[in-house]
Amino acid sequence: MTSLLRSQTVRVAAAGTFVLSVLGLAVCSMRKVQAATQKARSGEILTYASPVEMLYSPDGTRLFVLCQGSDEVRVLNSGFQMIRRIPVGHIPRGLAFSADARRLYVANTWDDTLSVIDTRLLKVAHTWTVAAEPSGVAADRAGKYVFVANRISNDVAVLDATSGAELKRLAAGRGASYITASPDRARLYVTHVYPNPPRESTVEGNRAAPQAEITVVDAAQATVVDRIRLADVAHGFHIAFSRDGKLGVVAQLHPKNLVPLAHLEHSGAFADTLTLFGADVGRTVEVPLDELERYAVRPFGVAISPDKAHLYVTSEGAEFVTAIDVPRLVQYARRHPGSTARDLGASANYVVTRIAVGRDPRGVAFTPDGSRLLVANRLDDTISVIDTHTNRVVRTVVLEGPKVITVLRHGEQTFYTARYSFQGQIGCANCHIDSTFDGLTWDLEPDGFGRDIVDNRLLEDIRGTEPFKWNGGNPNLPTECGPRTEKYFWRSENYDDLTLTDLVVYVRHLPLRPNRWRQADGSLMPAQDRGKQLFNRSTDKFGIAIAEGNRCSYCHSGPKGTSQRSFDVGTGKRTDNSGLLDTPQLINVGLTAPYLHDGSAKTLEEIWTVFNPEDKHGRTNDLTKDELNDLIEYLRTR
Amino acid sequence: MKKLCAIATLVAAASLMYAAPAAKHAAVAAKANTVSAARGVVAVPYFRFENFTTANGLPDNHVFSVLVDGDRVWAGTEDGLAVYEGGRWKTYTTLDGLAHRAVLSLALDKRTGDVWAGTMAGLSRISGGRIDTYTQLNSGLSNDVVYGVSVEGENVWVATAAGACRLDLRTAQWSLYNERNTPMNEIWVYGVNATPTKVYFAVWGSGLLEYDQKTGRWDKYDDPDGETEMVLFKDQGLIHEIVTSVSYVDNIVWAATYFGDSRYDGRYWHNFLTKDSGLPSNFTNFVKALDANRAWFGTDKGLAYFDGVNWAVYRPSLKDGAPEMTVRDAQGKVTSVPVTTAPAHNYVLGLDVQGDDIWVATAKGLSHGIREHP
């Protein structure tokens, strides 16, 4: 078996895995695996296809499968045999045809590029540099513009369809990721995966209900013409339209983060829902996918059959597809305006069946005649083929790739599935969207109801940042991911040693996304450099020595910006049990608003302009506004 | 009808002049003046004003700023941001996320259609109905009192009570400009006009500041005599240090001050005072240039238009409030043009152009000047 070490990052990850093995943990687990479950057999780093999206060519002869793990588009024929592998950029997430289908655009998230594939030659004709973490792409009808949703810069870039030159950017929702064109391509609908910032901070922290939107773009004018408000929704994914354009549906995640996360047994964590919009329903209507003891965890892909009879939704964590009767759904929506997201009896009115598919099902595509629905199962490299008349899987297409399940792969499967939680309600990825964070604050049970409201933190590159939790209560990942998660989140004890170990290995090896504020050569811009000097200073502007514990660089020391110790920085709230807080790492800190332990600071600026009146969170009140801006510019490079 | 009669009389007089080759010098001069006046009247635009107040949908009568956005018109008032579309007013307030109820300045990002509103407590972006607000606490904005805003390319330039700043929309980076890094003696920045080549700042008490987009260099234009009450060196530099507004078009910069106005073509200055121009008052809140020769001025005593030769003033009469329009020609002759409408108030704070029409922000309402051709 050949080990496929694809990059320095992965090699480091691999090395880390083996170090862990030497320490005994992984080795122990491996033995258990082989002896017991046969789940994880290899500690190698293998390249899986990890299909996430699919598109049929207009004539139905070719299926383009976007493989996120292998950084390629695979072209299959109508018999699902692979006829070409087209390498694209790193970690692609979205793809779309031009109006004439002569081009296929692929958004590559980690190298900030757009691959332009010639669909006749089946090769990349151009690679255009775009903005930060391009995730979704769509083209207009006239062939004038290409639109790219940028997850990190929270906008939609408008590109010249001929040259790829960026013409402008349109403000979208936070974490803009998925673009869907209306059937006539006149308008584009953009969703986003992190909640929009709340308008106001509160004394109790960032406890406003999450808000999201569908950003509506006029494709001809390339301007935002509307924003469809999604109340109480934090994370939006794919949108589908009926062919007549009268019904739009967005798959979304509705967190219940304003109540203590202690009632999983009463479906107390999330509602997995759809929002319907368009002429068929009038004003937006939110409907649940969940039912009692069956939860459609993390709805992602959605498609409406050409005859508008059925609607299909994939659920990443639940690992099934929900089939919905559209006329009954519309009828229900008309009778129940607003939201019935929390009504576990509602879905019985319109859900036809649940169809089990593979692990982490993502994008969907109908065959041109609508008789089959294809589902891309990201974490087992398969495509489920569903007969839309019987709503049964009639075939599972296995994509070429490793057959062995590595430790990392199994850990990732564990991270994304909901099968370990009580009644399969949630998984790790519910709060760590795409293995990142969720932009929300939560009230977790172990600290007491209404106590210790906590902001969710980024998972990337967390080796060397322990202990975990804001109170530093969990010394290591096995504790964090194991007993704590099982008791307080899952309300179950489902992990065996192997599974927990694999999960820990996966989380430990989540790589660091490229920092978009840092220069390619590692140098700092003048403002960033000035900010670095402020970060490292030991005297204030009056020449007075700053106490060691009150310097930025003391608590936020080391390569990851944490001393791994707890301090009182004066940000405690009356709801906190302790004034001592773990020092958070600064990795990609520019992305992870809100800030402070309870998310009370909406922006980096507010950490000091609002929540540091006594200079306990570093000596900053001697700084001018210019200098504070410089400090923040530097922090964003961390 | 009265205006039509007056115009007809003037045009008839002009025709007579051309028909009388043997007239005496005085008569010729008189007729020449009449012709000049007639030409002046014909040259300047004539408007029928429709005024909006709280009585017909405006949220407040104090209108600080106005912005034309295609068929829509935005009005920054003391009690919210109002938008007029399809014959109706809609008002955005702090409940919608607006930074503050008093909206002092407005700018349109023509590429995206987003509107930027400078308020008494921060800067707001209105985009597709969503309002995002930037303050000195939650962002790098230098100060919450935003007197002016201007969008050019990917940059939003902001004039505040504590210096100027620039928001780079691509990087989200704020750059601050003040006494520490520019030749700005005072940091009370009242206005900004950004163009691809130059960015000009109207600084209250510190003259006119120029930023060159290519070189990144700053330049400063001051009142050469340094006198606050007198003009000793007219046409030798900026008319006064208290600059309230600036407009840069066709490589010409126009500056409004509380003590007269200036035009600068890169070599020569020309200053405008009430005593030697048609400006109704030296106290000027606002200037908007149309091109190298034409500009609108908002003063405390009415709205003025200069076409490079003639001046026109539109206002309620200072004596009795009756609608009034006067035209001052190149010879200084002032002709009264009979009108039946006038802007809502003499205290003019802003103006924008919608085709041939104008929209005027005043202290007691917003006025729509509908261009007519009598």
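**Reading the model**

Analyst: Start with confidence. Chain A has a mean pLDDT of 91, and 92% of its residues reach 70 or more. pLDDT is the predictor's confidence in each residue, from 0 to 100. Over residues 1–40 of chain A, the pLDDT is below 50. Beyond near neighbours in sequence, that stretch has 61 contacts in the model. Two residues are in contact if their C-beta atoms, placed from the backbone, lie within 7 Å.

User: What conventions apply?

Analyst: This is a predicted model: local features need pLDDT of at least 70, side-chain atom pairs count only at pLDDT 80 or more, and totals for chains, interfaces and linings use all residues. Residues are numbered from 1 along each chain as its sequence is written, while chains are lettered from A and ligands numbered from 1 in the order in which they are written.

User: Which domains does the assignment give for chain A?

Analyst: The bounds come from an automatic or database domain assignment. For chain A these are domain 1 (8–46 + 408–508), domain 2 (92–231) and domain 3 (526–635).

User: How many residues of domain 1 of chain A are in contact with domain 3 of chain A?

Analyst: 22 residues of domain 1 of chain A touch 21 residues of domain 3 of chain A. On the domain 1 side, strand β31 (residues 453–455) of chain A gives the largest share, three residues. Helices (H or I, at least four residues) and strands (E, at least two) are DSSP runs, numbered from the N terminus. By class, this side of domain 1 of chain A has six nonpolar, seven polar and nine charged residues. Ala, Val, Leu, Ile, Met, Phe, Trp, Tyr, Cys and Pro count as nonpolar, Asp, Glu, Lys and Arg as charged, and the others, Gly among them, as polar.

User: How do I read a helix pair?

Analyst: Two packed helices are described by the angle between their axes and the distance between the axes. Axes are lines fitted to C-alpha atoms, for helices over the stretch in contact, and angles run from 0 to 180 degrees between N-to-C directions. Take α4 (residues 407–416) and α7 (residues 497–508) of chain A: their axes come within 7 Å and cross at roughly 95°. That makes α4(A) roughly perpendicular to α7(A). Angles under 35 degrees count as roughly parallel, over 145 as roughly antiparallel, 65 to 115 as roughly perpendicular and the rest as oblique. The contact of α4(A) with α7(A) has six nonpolar, four polar and two charged residues.

User: At what angle do α8 and α11 of chain A pack?

Analyst: Helix α8 (residues 526–536) and helix α11 (residues 625–635) of chain A pack at about 95°, with axes 7 Å apart. So α8(A) is roughly perpendicular to α11(A). Their contact divides into six nonpolar, two polar and five charged residues.

User: And sheets?

Analyst: Two strands pair if DSSP finds at least two bridges between them. One open sheet of chain A has five strands in the order β17-β18-β19-β20-β24, with mixed pairing. β17 (235–241) and β24 (338–339) of chain A stand at the edges with a single partner each, so one side of each has no neighbour in the sheet. Strands β19 (residues 270–278) and β20 (residues 282–288) of chain A pair in the antiparallel sense over five bridges. A:L276 stands opposite A:V285 in β20(A).

User: Which residue takes a positive phi in the hairpin of β8(B) and β9(B)?

Analyst: B:G128, near 55°, in a hairpin with two residues between the strands. Five bridges join antiparallel strands β8 (residues 122–127) and β9 (residues 130–134) of chain B. B:R125 has B:D132 as its bridge partner in β9(B).
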